[in-house]
Amino acid sequence: MAVPALEIKDLHAWYGESHVLHGVDMVVQPGEVVTLLGRNGAGRTTTMRAVLGLTGARKGSIKVDGVETIGMPTHRIAHHGIGYCPEERGIFASLSAEENLLLPPVLKGAGQGMSVDEIYAMFPNLAERRNSQGTRLSGGEQQMLAVARILRTGAKLLLLDEISEGLAPVIVQALARMIHMLRGKGYTVVMVEQNFRFAAPLADRFYVMEHGRIVEKFGAAELEAKMPVLHELLGV
Ligand SMILES: Nc1ncnc2c1ncn2[C@@H]1O[C@H](COP(=O)(O)OP(=O)(O)O)[C@@H](O)[C@H]1O
Ligand SMILES: [Mg+2]
């Protein structure tokens, strides 16, 4: 088996005194699309933030492409080719779409990132809107831009936090096509999702979190059989 793109073992994380993650285990193989499901407050965002060293204290093991990163500061972890798209998107209102796109530095030592032309070919509406100010972009355009921006950096492991949240169904469909395209290009994707209908057809495997722990994990082939459990855990 290949070296996992991401291998988390017995991860604990804290915000100040508050112990949020209680021994998370998760393995993501290169090229997989994995979805992290859970109710609000389960610890999904914290798991992503902990991978990047953005929580308070953290303990355990987080290997990225086989390299232990638990002792590293955030800027060094990012250099191992992780692209993080946070829940709040972080589009700068005063910059144009293209300036936002060009903002994150290209990672040295990571793989070849997508060129601006390739990104515009993949997201034609961003090409049309390249000179529009960040604030003038629709929620969907901002979300596309937030993902497109990390593709330029050369990151091959993408951590996407609730990208479908609050967006119209037609935009959610476009995001689903985008995930398919990224899988086709060999990206590894970890998606946090509340929108089960969006995540279900996209993911190769699923993890379910509750109270800072993984309580279920299964592959796409088991999804049907797991529906009663998911109904109980997530209300889907
Ligand atoms: N910055 C923070 N400081 C303190 N507690 C936090 C902070 N962010 C999240 N938490 C707490 O950590 C727990 C997990 O939150 P989070 O990871 O955001 O859950 P999810 O993304 O699954 O909704 C919640 O109990 C939440 O209140
Ligand atoms: Mg969250």
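User: Which residues lie nearest the centre of the largest pocket?
Analyst: In this predicted model, Tyr84, Pro104, Pro105, Ile150 and Thr153 lie nearest the centre of the largest pocket, out of 26 residues that line it.

User: And how much space lies in that largest pocket?
Analyst: The largest pocket holds about 550 Å³ of space.

User: Which element gives the most to its lining?
Analyst: Strand β6 gives the most, with four residues. The elements that each supply at least two residues of this lining are α2 (74–78), β6 (82–85) and α6 (139–151).

User: How does the lining of the largest pocket divide by class?
Analyst: It has 15 nonpolar, six polar and five charged residues.

User: Turning to cavities, how many of 30 Å³ or more does the structure hold?
Analyst: The structure holds one such cavity. About 40 Å³ of space lies in the largest cavity.

User: Which residues line the largest cavity?
Analyst: The lining consists of Leu6, Ile8, Met26, Leu36, Thr47, Met48, Val51, Leu159 and Val190. By class, eight of the lining residues are nonpolar, one is polar and none is charged.

User: Ile8 is in that list. What is its bridge partner in β4?
Analyst: The partner of Ile8 in β4 is Ile62. Strand β1 (residues 6–15) and strand β4 (residues 58–64) pair in the antiparallel sense, over six bridges.

User: Where does helix α1 pack, and which strands does it touch?
Analyst: Helix α1 (residues 44–51) packs on the sheet and touches β1, β2 and β4. The direction of the helix makes about 105 degrees with that of β1.

User: In what order do the strands of that sheet run?
Analyst: The order is β2-β1-β4-β5, four strands in an open sheet with antiparallel pairing.

User: Why is one side of β2 and of β5 left without a neighbour in the sheet?
Analyst: Both β2 (18–28) and β5 (67–68) stand at the edges and have a single partner strand each, so one side of each lacks a neighbour in the sheet.

User: Where in the chain do Phe206 and Phe218 sit?
Analyst: Phe206 is in strand β9 (residues 205–210) and Phe218 in strand β10 (residues 213–219). The two are twelve residues apart, and the pair links distant parts of the chain.

Methods. Residues are numbered from 1 along each chain as its sequence is written. Chains are lettered from A and ligands numbered from 1 in the order in which they are written. This is a predicted model: local features need pLDDT of at least 70, side-chain atom pairs count only at pLDDT 80 or more; totals for chains, interfaces and linings use all residues. Side-chain values use heavy atoms; hydrogens and water are left out. Two strands pair if DSSP finds at least two bridges between them. Contact means heavy atoms within 4.5 Å. Axes are lines fitted to C-alpha atoms, for helices over the stretch in contact, and angles run from 0 to 180 degrees between N-to-C directions. On a 1 Å grid over the protein atoms alone, a cavity is a set of points where a 1.4 Å probe fits but cannot get out, and a pocket is an open set with protein on both sides within 12 Å along at least five of seven lines; lining residues have an atom within 4 Å of a point. Grid points are joined across faces, edges and corners, and a volume is the space filled by probe spheres set on the points. Ala, Val, Leu, Ile, Met, Phe, Trp, Tyr, Cys and Pro count as nonpolar, Asp, Glu, Lys and Arg as charged, and the others, Gly among them, as polar.
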